[in-house]
Amino acid sequence: MALIDSSVWIDYLTRRPLAHAEILAERLERGLPVATTGVVLQELLQGVRSEREANLLGARLGRLRYLPAGKSTHLRAAALFRKARARGVTLPAVDALIAAVAEENGVPLLTADAAHFEALARVSKLRLLR
């Protein structure tokens with residue numbers, strides 16, 4: 001199983017021929033498990049242009065394994081954010097939350113945003129899917 005970041009979903013859904021989008025396509029074609037989490041769902045659904053698109057995408061993503069973010073996840077995300085900042089890396093809080101979800105569930109993360117997540121991997125047990 002792998003947690004898929006919204007950056008990968010966006011490239012996959014817009015059919016951009018990029019390596020991370022192709023990895024996702026291959027995983028889906030082979031029936032390999034992929035997961036999502038609340039903030040990824042939110043980012044994807046807030047980017048659509050119509051309720052019809054939102055309903056279709058929501059139904060499609062709703063079939064994926066869902067990894068929740070509880071109180072401990074948010075506490076872990078804050079700690080990751082602080083560790084990265086202490087090393088001079090400023091990143092969006094949402095990236096720290098996604099990393100914490102992946103780390104807490106022991107699954108690798110597939111992302112197109114390598115810089116932020118590589119920095120988080122250096123200060124945590126986050127594994128990146130390459």
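**Salt bridges, sheet, aromatic pair and main pocket**

R130 is exposed, with a relative accessible area of 67%; exposed denotes over 50% relative accessible area, buried under 20% and partly exposed the range in between, for a 1.4 Å probe and protein chains only. The structure is a predicted model, in which local features require pLDDT of at least 70, side-chain atom pairs count only at pLDDT 80 or more, and totals for chains, interfaces and linings use all residues. Residues are numbered from 1 along each chain as its sequence is written, and side-chain values rest on heavy atoms, with hydrogens and water left out.

R130 takes part in a salt bridge with E118, the closest N and O atoms being 3.4 Å apart. The pair links distant parts of the chain, with E118 in helix α7 (residues 114-122) and R130 in the segment after α7, 12 residues apart. Helices (H or I, at least four residues) and strands (E, at least two) are DSSP runs numbered from the N terminus. E118 has a relative accessibility of 28% and counts as partly exposed. A salt bridge is defined here as a side-chain nitrogen of Lys or Arg within 4 Å of a carboxyl oxygen of Asp or Glu. Side chains of opposite charge can pair when their charged atoms come close.

In total, four salt bridges are present in the structure. One of them joins the side chains of E103 and R76, at 2.5 Å from N to O. This pair also links distant parts of the chain: E103 belongs to helix α6 (residues 93-105) and R76 to helix α5 (residues 71-86), 27 residues apart. E103 is buried, with a relative accessible area of 16%, whereas R76 counts as partly exposed at 24% relative accessibility. Another salt bridge is formed by the side chains of E26 and R30, at 3.2 Å from N to O. Both of these residues lie in helix α2 (residues 19-30), where a spacing of four residues corresponds to about one turn of the helix. E26 is partly exposed, with a relative accessible area of 42%, and R30 is exposed, at 57%.

Helix α6 also contains I98, which counts as buried at 0% relative accessibility. The C-alpha atoms of I98 and S6 are 9.7 Å apart in space, while the two residues are 92 apart in sequence.

Four strands form an open sheet in the order β3-β2-β1-β4, with parallel pairing. Strands are taken to pair if DSSP finds at least two bridges between them. Strand β1 (residues 2-4) and β4 run parallel and are joined by two bridges. L3 stands opposite L109 in β4. Strands of a sheet pair through backbone hydrogen bonds, either parallel or antiparallel.

One aromatic pair is found in a search of the whole structure. The ring centres of W9 and Y12 are 5.9 Å apart and the ring planes meet at 80°, so the pair is edge-to-face. For this assignment, rings of Phe, Tyr and Trp (its six-membered ring) pair if their centres lie within 6.5 Å; planes under 30 degrees apart count as stacked, over 60 as edge-to-face and the rest as tilted. Both residues lie in helix α1 (residues 6-13), three residues apart, about one turn of the helix. W9 and Y12 are both buried.

The largest pocket has a volume of about 310 Å³. Elements giving two or more residues to its lining are α1, α3 (38-46) and α4 (51-62), and α4 gives the most, with three residues. The lining consists of I10, L13, T14, E43, L44, G47, V48, R49, E53, L56 and L57. By class, six of these residues are nonpolar, two polar and three charged. Pockets were located on a 1 Å grid over the protein atoms alone, as open sets of points with protein on both sides within 12 Å along at least five of seven lines; lining residues have an atom within 4 Å of a point. Grid points are joined across faces, edges and corners, and the volume is the space filled by probe spheres set on the points. Ala, Val, Leu, Ile, Met, Phe, Trp, Tyr, Cys and Pro count as nonpolar, Asp, Glu, Lys and Arg as charged, and the others, Gly among them, as polar.

Helix α4 also holds A54, which counts as buried at 16% relative accessibility. A54 and L44 are separated by 10 residues in sequence and by 8.8 Å in space, C-alpha to C-alpha.

Definitions and conventions:
On a 1 Å grid over the protein atoms alone, a cavity is a set of points where a 1.4 Å probe fits but cannot get out, and a pocket is an open set with protein on both sides within 12 Å along at least five of seven lines; lining residues have an atom within 4 Å of a point.
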